[in-house]
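I opened my notebook for this one with a simple plan: pick a few spots, look each of them up, and write down what I find. Here is the model I worked from.

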Amino acid sequence: MSIIIKPIITEKITKDGELFNRFGFVVDRKANKVQIKKAVEATYGITVVNVNTMNVRPDRSTKFTKSGLISGKTNAFKKAIVQVQDGETIDFYNNI
């Protein structure tokens with residue numbers, strides 16, 4: 001079971017990474033903060049200071065089309081904001 005699914009790269013999290021050494025990840029919904037901390041430290045070889053998690057609810061939408069009413073939803077996921085020690089950073093773009 002992989003704890004870290006993918007990194008989150010948005011303007012807000014990139015700014016937090018530059019100012020406060022915080023990075024965002026989409027993680028497994030059943031993972032706790034201790035498991036997330038160990039997975040990030042093992043994957044990137046850094047020291048994690050703090051982990052904040054949040055469950056993101058699915059967004060539901062309805063569309064009126066010629067063929068009728070279409071409803072859909074996005075997937076729910078868990079987001080983790082990880083703060084690393086001062087002087088350390090995670091470079092997501094080094095393998096491109």
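Predicted model: local features only at pLDDT ≥ 70, side-chain atom pairs only at ≥ 80, totals over all residues.

**Entry 1: a lysine inside.** I began with Lys78, which is buried (under 20% relative accessible area, with over 50% called exposed and partly exposed in between; 1.4 Å probe, protein chains only).

Residues are numbered from 1 along each chain as its sequence is written, and side-chain values use heavy atoms, with hydrogens and water left out.

What lies 2.7 Å from a polar atom of the Lys78 side chain? I found the backbone oxygen of Ala31 there. Lys78 sits in strand β6; helices (H or I, at least four residues) and strands (E, at least two) are DSSP runs, numbered from the N terminus. I also listed what Lys78 touches (heavy atoms within 4.5 Å). Leaving out residues up to four places away in sequence, the list includes Phe25, Asp28, Ala31, Thr53 and Asn55.

**Entry 2: the core.** Next I looked up the largest nonpolar core, which is a set of buried Ala, Val, Leu, Ile, Met, Phe, Trp, Tyr and Cys residues joined through side-chain atoms within 4.5 Å. This core has 16 residues, and those with the most contacts inside it are Phe25, Ile36, Val40, Val82, Val84 and Ile90. Two or more residues come from each of β2 (22-27), α2 (33-44), β3 (48-56) and β6 (77-84). As a reminder to myself, nonpolar side chains tend to be buried together in soluble globular proteins.

Phe25 touches, among others beyond four places in sequence, Ile4, Pro7, Val40, Tyr44, Lys78, Val82 and Phe92. Ile36 lies in helix α2 and counts as buried because its relative accessible area is 0%. Beyond its sequence neighbours, Ile36 is in contact with Ile3, Val27, Ala31, Val51, Thr53, Ala80 and Val82. The C-alpha atoms of Ile36 and Ala80 are 7.9 Å apart, although 44 residues separate the two along the chain.

**Entry 3: Asn21.** Is Asn21 buried or exposed? I have it as buried, because its relative accessible area is 14%. Asn21 is placed in the loop between α1 (11-20) and β2, and its phi is near 60°, a positive value in a residue other than glycine. Its side chain makes a polar contact with the side chain of Asp86, at 3.4 Å. For the record, a polar contact is a pair of N or O atoms within 3.5 Å; within protein, one must be able to donate a hydrogen and the other to accept it, and residues adjacent in sequence count only if both atoms are side-chain atoms. Asp86 is also among the residues Asn21 touches, together with Asp16, Val82 and Gly87.

**Entry 4: the hairpin.** β4 (residues 60-65) and β5 (residues 68-73) run antiparallel, joined by 6 bridges; strands pair if DSSP finds at least two bridges between them. The two form a hairpin with 2 residues between them. I noted that Phe64 has Leu69 as its bridge partner, and that Ser61 stands opposite Gly72. How many of the 6 residues of β4 are buried? The count is 0, so I wrote β4 down as hardly covered. On β5, Ile70 counts as partly exposed because its relative accessibility is 42%. Ile70 touches Ser61, Thr62, Lys63 and Thr65.

**Entry 5: the salt bridge.** The structure holds 1 salt bridge. Arg57 forms a salt bridge with Asp59, their closest N and O atoms being 3.3 Å apart. Arg57 is exposed at 60% relative accessible area, and Asp59 is partly exposed at 44%.

How values were computed: Lys, Arg positive; Asp, Glu negative; His and termini not counted. Salt bridge = Lys/Arg side-chain N within 4 Å of Asp/Glu carboxyl O.
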